[in-house]
Amino acid sequence: MPLRETAPKLLPEQYEKNFAEIAPAMTKRQAAIEASRCLYCFDAPCTIACPTHIDVPAFIQKISTGNLRGSAREILSANILGHSCGRVCPTEVLCEGACVMHEKGELPIEIGRLQRYAVDHVLANHIQLFQPGAPNGKRVACIGSGPASLACAAELAKWGYEVTIFDRNEFPGGLNTYGIAAYKTRAADSIREVDLIRQLGVKFQQGVEIGRDVILETLEREFGAVFIGVGLGETWDLRLPGENLRGVFGAIEFIEKTKVQPLHEVEVGLRVACIGAGNTAIDVVTAARRLGAQTVNLIYRRGEPEMSAFAYEYQLAKQDGVTFHWHTQPVRVLGINGIVTGLECVRTRLGPPDEKGRRAAVPLPGTEFTLDVEMVVRAVGQKPVTEFLRSVKGLGLNENGTVKINENHQTGHAKFFAAGDCTNGGKEVVDAVAEGMAAARGLDEWLKWPRA
Amino acid sequence: MADLSVKFAGVTSPNPFWLASGPPTNTGGQVARAFDAGWGGAVWKTIGEPIVNTSSRYAAIDLANVKMMGLNNIELISDRPTETNFREIYDVKKRYPKNLVIASLMVESKRESWHEIVRRAQDAGSDLLELNFGCPHGMSERGMGAAVGQVPEYTEMITSWVKEAAKIPVIVKLTPNVATVAPIALAAERGGADAVSLINTINSLMGVDLETFAPRPNVGGKSTHGGYCGPAVKPIALHLLSSVAKSVRIPISGIGGIGYWNDAAEHIALGASTVQVCTAAMHYGFRIVDDMIEGLSQYMDDHGFKTIEDFRGRALPNVRDWGDLDLNYKVIAQINAGLCIGCQLCYVACEDGAHQCIEPYKSAEKRNANGFGVHVPRIIEEECVGCNLCALVCPVENCITMKEIDAGGPAMSWNNRSRGQSDACAPPVPSGD
């Protein structure tokens with residue numbers, strides 16, 4: 001059943017232009033000039049700000065000297081997904097935000113792009129920088145093939161573990177492959193990056209769902225320890241009337257289509273409403289506009305200052321001509337014959353702060369209005385994969401459904417370790433990598449000296 | 001408005017800026033354009049028995065974004081017929097009577113050869129002659145250039161030959177490729193030179209291509225040592241200039257690393273009457289002289305100097321032997337925390353490379369616009385030896401300054417300490433090289 005009205009198809013070159021890399025690769029000369037701007041700080045703030053603590057001045061120095069292999073080694077030994085992170089990290093609130101150049105009144109060093117430049121060199125030339133460790137006879141299973149699992153697996157493989165990754169998707173990479181705006185990174189980039197982990201001898205079993213294709217007991221029996229890096233699941237429902245109408249999508253599901261389908265085949269309404277104002281919502285509204293949607297509305301029940309999207313992301317949406325409806329809350333999705341025709345909204349005002357200090361949005365009766373749209377996208381965060389997590393006996397979940405872990409990333413079930421979005425509730429790729437590496441250390445320690 | 005004209009060895013130059021002998025003064029067309037741009041004089045590309053040059057000829061070292069910090073060449077003297085050069089000198093002089101054309105000369109070390117070339121250069125209308133006793137490559141293998149300028153006796157002898165024939169002032173161009181330059185300058189003076197110029201280029205090998213192992217500049221996989229010049233050589237030039245300026249009475253034309261008016265002013269402050277520029281013109285063209293003239297003139301106005309003579313050599317008495325320096329003069333570094341950007345380059349430089357007088361930041365009291373801590377280090381004042389290194393590496397202007405402190409006691413130099421007296425009434429000690 002088609003949408004009521006879809007955005008007109010664009011010319012192929014227009015799709016290419018709209019989804020062209022927002023931060024293109026640097027040329028040799030650009031990289032040399034940018035690298036030479038770096039002051040080579042001691043105990044550098046950028047390195048401190050990076051969750052994986054990449055030695056930024058060291059890798060940039062190595063770019064300056066033409067030692068690209070050494071530069072990439074510097075990056076990837078701290079963060080095996082350094083390539084993705086170079087593209088998708090919110091660098092303005094991490095390394096580049098901490099760059100001393102701000103205090104100097106100059107633009108920060110383009111650390112993300114330089115990082116990508118160095119890693120591109122080893123990826124493009126198929127240079128293997130790391131070797132698997134001498135086999136230690138121990139086997140580890142990683143569930144999920146997103147950033148946390150990949151980082152954990154790479155560390156363990158370097159130390160001699162035999163690691164198998166089980167993932168339900170066709171392609172590895174998790175959200176890196178399926179969930180990041182196409183103009184930041186393409187699925188193919190993420191899949192290519194996974195080769196770095198494959199080179200270490202990590203085995204991938206894609207299209208395998210634990211509990212359906214392989215039962216947990218088998219994993220427990222055959223592997224010394226199991227790492228859970230399953231991330232989060234589907235987008236939360238709005239619990240609104242009309243939510244099941246044809247034309248209502250989850251944000252993650254919509255983004256995924258822009259990553260795995262040819263862009264001209266991605267279904268998008270002529271007019272779109274997106275509910276939520278986080279970074280994922282920005283990915284949705286910018287993608288919708290770039291796919292040709294005429295009007296794209298972003299609806300948020302609080303105001304501009306309260307939005308959780310980063311300033312840089314917000315700027316992107318503004319540049320793409322998105323209409324923002326602050327202090328607005330959806331009431332019901334309207335439809336005819338089971339197909340979305342509009343979204344009824346109501347204005348809100350900010351109430352008193354709750355116990356967390358967050359001010360609730362209070363609807364203002366009588367301010368209801370209708371947006372004529374053919375597509376409604378929910379971008380209100382993802383649900384935990386509760387059903388699966390509950391199937392692991394004794395795992396232990398927090399109130400919000402995330403996995404409970406100790407400082408070594410060990411769960412309530414001693415044999416299971418966890419990291420990434422399924423434990424932190426949804427953070428950046430670089431956080432998942434840092435946590436995945438920390439979990440690998442915890443897991444390694446436990447397997448060497450098992451307690452309880 | 002300052003008067004930039006200079007009286008040099010009896011002739012007047014509209015300003016102290018001359019093009020040095022080299023590729024920019026190879027032809028009459030170039031020299032004419034240079035005079036149009038504002039250059040006061042031009043030392044013609046050395047004229048002698050025409051030679052054959054190699055391809056390639058130049059090589060440079062870059063420093064990060066700065067191209068051609070140092071340049072080297074293995075080009076020889078003019079490859080054009082002497083007749084052509086002299087005819088063009090004649091034409092240029094006719095068109096630009098007020099600008100100085102200085103004929104740079106180099107011939108085999110025979111009295112008659114020198115007499116002949118001197119006469120021809122004079123007949124062409126040159127204002128001055130410059131004897132190229134400095135070229136360090138190629139020509140020196142044939143007993144010319146630096147082969148002459150490295151030996152005081154040859155320098156004196158050939159200068160005196162030239163003076164026998166010369167009716168116009170003679171400059172002797174000195175090579176820096178000697179253990180000490182003052183004796184050569186004095187030899188030129190004894191030979192009758194009306195002026196000296198320095199420095200010629202410094203012997204150098206520019207580098208090696210690490211793939212082919214061909215040295216640079218590459219001539220079919222081989223290379224040879226060549227003359228080094230450009231911004232990188234200025235400190236060497238200034239040192240040699242000051243030692244010559246303290247030794248001779250004749251005027252000096254300063255050469256070496258001059259790209260801006262302030263470089264020129266430094267040469268003048270150390271005793272040069274005129275300055276010569278080559279690499280900067282090779283890099284950016286003749287137009288650079290516009291800022292040189294304007295900048296120098298502005299500087300002189302700001303300091304109340306009406307003529308070049310008003311500040312020429314003013315820094316010279318301050319160039320002293322180490323033993324004359326006041327050991328009781330004391331400075332210590334100070335970090336302006338407000339300006340500090342937290343790179344901690346001063347800390348690591350002092351800790352690893354100097355005297356361990358800086359502590360790294362302990363807690364970030366300052367935050368940047370994005371809320372990240374700024375790592376301001378701290379000088380351990382009682383340990384600071386005042387070496388300047390932290391201030392030199394600091395990327396922020398005026399963030400680290402060296403503050404003079406009272407070390408107690410009167411001025412005391414090593415020489416005076418050895419003699420057991422303070423500096424209070426000591427006369428200045430002149431110093432040569």
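**The contact between the chains**

Author: The contact draws 15 residues from chain A and 18 residues from chain B, where two residues are in contact if their C-beta atoms, placed from the backbone, lie within 7 Å. This is a predicted model, in which local features need pLDDT of at least 70 and side-chain atom pairs count only at pLDDT 80 or more, while totals for chains, interfaces and linings use all residues. Residues are numbered from 1 along each chain as its sequence is written, and chains are lettered from A and ligands numbered from 1 in the order in which they are written.

Reader: Which helices of chain A each supply at least two residues of the side that touches chain B?

Author: Helices (H or I, at least four residues) and strands (E, at least two) are DSSP runs, numbered from the N terminus. On the side of chain A that touches chain B, α2 (28-37), α3 (45-49), α7 (95-98) and α8 (101-104) of chain A each supply at least two residues. The largest share, three residues, is that of α8(A). By class, this side of chain A has nine nonpolar, three polar and three charged residues; Ala, Val, Leu, Ile, Met, Phe, Trp, Tyr, Cys and Pro count as nonpolar, Asp, Glu, Lys and Arg as charged, and the others, Gly among them, as polar.

Reader: What scores does the model carry, and what is the mean pLDDT of chain B?

Author: The model scores ipTM 0.84 and pTM 0.88. For chain B the mean pLDDT is 95, with 97% of its residues at 70 or more; pLDDT is the predictor's confidence in each residue, from 0 to 100.

Reader: How are the chains divided into domains?

Author: Domain bounds come from an automatic or database domain assignment. In chain A the assignment gives domain 1 (38-124), domain 2 (139-231 + 385-448) and domain 3 (235-382). The centres of domain 1 and domain 3 of chain A, taken over C-alpha atoms, are 34 Å apart. Chain B has domain 1 (6-318) and domain 2 (329-408), with 42 Å between their centres, also taken over C-alpha atoms.

**Helices of chain A**

Reader: Which residues are buried in helix α5 of chain A?

Author: An α-helix has 3.6 residues a turn, so residues three or four places apart point the same way. In α5(A), residues 68-78, the buried residues are L68(A), S71(A), A72(A), E74(A), I75(A), L76(A) and A78(A). These pack against α4 (56-64), α6 (82-88), α9 (111-124) and α12 of chain A.

**Chain B and backbone details**

Reader: How does the radius of gyration of chain B compare with that of a compact globule?

Author: The radius is taken over C-alpha atoms, and the globule rule is 2.2 Å times the number of residues to the power 0.38. For 433 residues the rule gives a value near 22 Å; chain B has 25 Å, which agrees. Chain B contains 13 helices and 20 strands, and 46% of its residues count as buried.

Reader: Where are cis peptide bonds found in chain B?

Author: One joins S55(B) and S56(B), with omega about 0 degrees; S56(B) lies in the loop between β4 (41-43) and β5 (58-63) of chain B. Another joins L198(B) and I199(B), with omega about 10 degrees.

Reader: Is D43(A) buried or exposed, or partly exposed?

Author: D43(A) has 16 C-beta neighbours inside 10 Å and therefore counts as partly exposed. Although not a glycine, D43(A) has a positive phi of about 50 degrees, and its place is the loop between α2 and α3 of chain A.

Key
Buried ≥ 20, exposed ≤ 12 C-beta atoms within 10 Å, placed from the backbone.
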